[in-house]
Amino acid sequence: MELWFSEMHTPHVKLSIQVTRQLCCVQSKYQRVEVFESPEFGRFLTLDGFMMLSEKDEFIYHEMITHVPMAVHPQAENILVIGAGDGGAMRELSKYTQIKKIDVVEIDSEVVRLCKEFLPSTSCGFDDLRVNIFYEDGLKFVRSHENEYDIIIVDSTDPFGPGEGLFSMEFYGNCFRALRDDGILINQHESPFYEKDAQIVRRVHKRIVQSFETSRVYQAHIPTYPSGHWLFGFASKRLHPLRDLNAKKWNALGIKTQYYNTNLHKGAFYLPSYVENMLLDGEVDV
């Protein structure tokens, strides 16, 4: 008998992956956490039935959410990561010797526990001694911090359930205050392709534009995410993702990546016309 995991991307489209076995299924205080094993994508993590990462393509997401801001702010020392219970963002950040502190705020300790048990390729990021884990609500955490972080990475789930507050105006305003004068905010920005997801893209972009002087969007191709076309947000009080990119300095670090490079960094900010128009529509009332 064949076993398949299926995720509905729209009422008319679904992603199905053949699985060999389910490694775990735990109902935490916040969500259902599952890890499956598959012939094509290796092990993959789902939360409430939604794909979070797979071993085969997670490097794309984690490299693009971390190395883009680090190449613009290469002297960043204090980093805040909100979400990231799988550890992949910390794995990439651990490649930078100049970083002094990586604070991680994850609301669900079960996600971290199960990733450490079943997904060592990403959870190895927690082994870095500079990582400090706080099991609490990211929205509440940033309220009590001001002028502290060089980079804030919001590696959140989708904007419902435990991650809903991480897409609010209050949250982005608190991130603004928690960042230093040259600080950078990075967030996963959803997919622009399907209409329901596109509505989230417009709403999130509008809220960030209202909080930050510089707000740009960049893209990556992630096969297991809805439509495969995924967006990230880059916001800063002062730095620009292209004008302040120091490609020579970043390349001199000798960091090994599978997806990110400084040429791709530049190209990722050149968006398809339909996405540019969508983002402009979100800025109309700003």
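The legends below describe close-up views of a predicted model. Residues are numbered from 1 along each chain as its sequence is written, and side-chain values use heavy atoms, with hydrogens and water left out.

View 1. The structure holds 14 aromatic pairs, a pair being Phe, Tyr or Trp rings (for Trp the six-membered ring) with centres within 6.5 Å. Planes under 30 degrees apart count as stacked, over 60 as edge-to-face and the rest as tilted. The ring centres of F5 and F36 are 5.5 Å apart and the planes meet at 45°, so this pair is tilted. Because F5 belongs to strand β1 (residues 3–10) and F36 to strand β4 (residues 32–38), the pair ties together parts that are 31 residues apart in sequence. Helices (H or I, at least four residues) and strands (E, at least two) are DSSP runs, numbered from the N terminus. Both F5 and F36 are buried; buried denotes under 20% relative accessible area, exposed over 50%, and partly exposed the range in between, with a 1.4 Å probe and protein chains only. The rings of F193 and Y194, with centres 5.1 Å apart and planes at 75°, form an edge-to-face pair. Y194 counts as buried, at 17% relative accessibility.

**View 2. An aromatic cluster and two charges over rings.** Ring pairs join Y61, Y218, Y225, W230, F232, F234 and F269 into a cluster. The charged end of K56 sits over the ring of F41, 6.0 Å from its centre. The charged end of K237 sits over the ring of F176, at 4.4 Å from the ring centre. The criterion is that NZ of Lys or CZ of Arg lies within 6 Å of the ring centre and within 35 degrees of the ring normal.

**View 3. The second largest pocket.** This pocket contains about 260 Å³ of space. A pocket is an open set of points on a 1 Å grid over the protein atoms alone, where a 1.4 Å probe fits, with protein on both sides within 12 Å along at least five of seven lines; lining residues have an atom within 4 Å of a point. Grid points are joined across faces, edges and corners, and the volume is the space filled by probe spheres set on the points. The lining comprises 14 residues, of which R216, V217, L271, E276 and L279 lie nearest the centre of the pocket. β12 (214–221) and α10 (273–282) are the elements that give two or more residues to this lining. The lining divides into eight nonpolar, three polar and three charged residues. Here Ala, Val, Leu, Ile, Met, Phe, Trp, Tyr, Cys and Pro count as nonpolar, Asp, Glu, Lys and Arg as charged, and the others, Gly among them, as polar.

View 4. In helix α6 (residues 169–178), F171, Y172, G173, N174, C175 and A178 are buried. These buried residues pack against β7 (78–83), α5 (138–143), β10 (149–155), β11 (179–188) and α7 (195–211), contact meaning heavy atoms within 4.5 Å. N187 is located in strand β11 and is buried, at 2% relative accessibility. Beyond residues up to four places away in sequence, N187 touches V154, Y172, V204, I208, F232 and G233. The C-alpha atoms of N187 and I82 are separated by 9.4 Å, although the two residues are 105 residues apart along the chain.

View 5. Most residues other than glycine have a negative phi. D48, which is not a glycine, has a positive phi of about 50°. D48 is found in the loop between β5 (42–47) and β6 (50–54) and is partly exposed, with a relative accessible area of 36%. A84 has a positive phi near 60°. The loop between β7 and α2 (88–93) holds A84, which counts as buried at 2% relative accessibility.

View 6. S123, in helix α4 (residues 120–123), is buried, with a relative accessible area of 6%. Not counting residues up to four places away in sequence, S123 touches D86, G87, C115 and K116. K100 lies in the loop between α2 and β8 (101–105) and is exposed, with a relative accessible area of 57%. With residues up to four places away in sequence again not counted, K100 touches E77, N78 and R130.

Terms used. This is a predicted model: local features need pLDDT of at least 70, side-chain atom pairs count only at pLDDT 80 or more; totals for chains, interfaces and linings use all residues.
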